[in-house]
Amino acid sequence: MMASALWHGFADMGAVEKNGAFVVSRGEGAYIWDREGTRYLDATAGLWFTNVGHGRTEIADAVAAQLSKIAHFSNFGDFVPETTQVLAERLAAIAPVAGSKIFFTSGGSDSVDTAAKLARRYWHEVGQPEKAIIVGRQKAYHGMHVAGTALAGIPVNREGYGELMADAATVGWDDAKSLLELIERVGANKIAAFFAEPIIGAGGVYLPPEGYLAEVRDICREHDILFVVDEVVTGFGRIGGEWFASTRFDLQPDMMTTAKGLTSGYVPMGAVFIAPRVAEPFYAGSWWRHGYTYGGHAGAAAAAMANLDILERENLLAESKRLEASLHTHLQPLAEHPRVAEVRSGLGAVAAVQLVDPAEALPFVKTLREHGISGRAAGQGAMQISPTFVMTDDQVAEMAAGILAALG
Ligand code: PLP
């Protein structure tokens, strides 16, 4: 007999059934508590998203007030909830490309598939429908909808479905030349868009090689390929010191996909930032048959507004930059441990402690819990570190000590 009705995402359900679930009941700042009342330092901010920290009643109150007024209505046609309209203006004001339009979604996978569809639709609209290939990178994670799965650079995430999307291609994750080679091989006139995470996240936290992002930006420009920057993880401050990696590195994306930190995960929401060039044909007589019932949900928009208020009022982008240095200082010494292959850190409020043996990753997550840390494995045996921006330097030291203790 099955012990639980819940089928977890990305899980060995046989093992979950056997060992039980890790049931989280409460959160406050950088800590969470399980159902038994045990406290853990949250090394990952949930799934990379709790940028402002847990337990912000200010966001809960803003959502409650919005739901009492009107929960949601529609963002199709000329309808829009008032709060959603205000949020779009606020996001446009911080967009990496001036004059960007904001298309709301319900999460990161929605944002990616929205951008992939719009890339093709754009070329269709401007009379070049043969520009259809969408390019991703090895190690890439772009969510689990059809286009995002087709673009996955993590082969196991793509296997077993047949061809999900025709004309998807993969290039090396760290080498702009491999993008150039693809362009030479198939022709720029066949390529619609190139998708890149500024920092490879779920693929194991791989930082971009020096100059890589500017190089692929320039290659896309030169060959008239849309440059889509997936900032679902890096956006809303996680890159450190700036709203987006696209602003920190002047990436001038044609489209930027976001979710997670937009609401700090208090309520699901995503947004695609669309540069004027891509939006223009659809504001000049043509229209795009695409949208989501809950895209721009009014309650989510209220959460986003309150979340942005907190990020601004408490200077949390600067705190994320502080964490960039703090994680580097406290975690790099772990690279000396024989069970650790390397520590990847030094850009944004993210890091990875790469285990030598990837098979140790899942048991290690359990050992970490015994040392008061809630962690998670990403990529091939990497411990994902992506704390909330309110984690103090002392808590970073506590986390590093907990990881060291768990390494034994
Ligand atoms: N893109 C990136 C870079 C992500 O890291 C994720 C999720 O982790 C997604 C897209 C998909 O987002 P979601 O899980 O909200 O659909």
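Helices (H or I, at least four residues) and strands (E, at least two) are taken here as DSSP runs, numbered from the N terminus. The model is predicted, with local features needing pLDDT of at least 70 and side-chain atom pairs counting only at pLDDT 80 or more, while totals for chains, interfaces and linings use all residues. Residues are numbered from 1 along each chain as its sequence is written, and side-chain values use heavy atoms, with hydrogens and water left out.

Helix H4 (residues 82-93) packs against helix H11 (residues 298-313) at an angle of about 40°, the axes lying 8 Å apart; axes are lines fitted to C-alpha atoms over the stretch in contact, and angles run from 0 to 180 degrees between N-to-C directions. H4 is therefore oblique to H11 (under 35 degrees counts as roughly parallel, over 145 as roughly antiparallel, 65 to 115 as roughly perpendicular and the rest as oblique). On the H4 side, the contact (heavy atoms within 4.5 Å) is made by residues including Val 86, Leu 87 and Leu 91, and on the H11 side by residues including Ala 301, Met 305 and Leu 308. By class, this contact has nine nonpolar, two polar and three charged residues (Ala, Val, Leu, Ile, Met, Phe, Trp, Tyr, Cys and Pro count as nonpolar, Asp, Glu, Lys and Arg as charged, and the others, Gly among them, as polar).

H4 also gives the most to the lining of the second largest pocket, with five residues. A pocket is an open set of points on a 1 Å grid where a 1.4 Å probe fits, with protein on both sides within 12 Å along at least five of seven lines, and lining residues have an atom within 4 Å of a point. Of the 26 lining residues, Asn 75, Gly 77, Ile 102, Phe 103 and Tyr 283 lie nearest the centre of this pocket.
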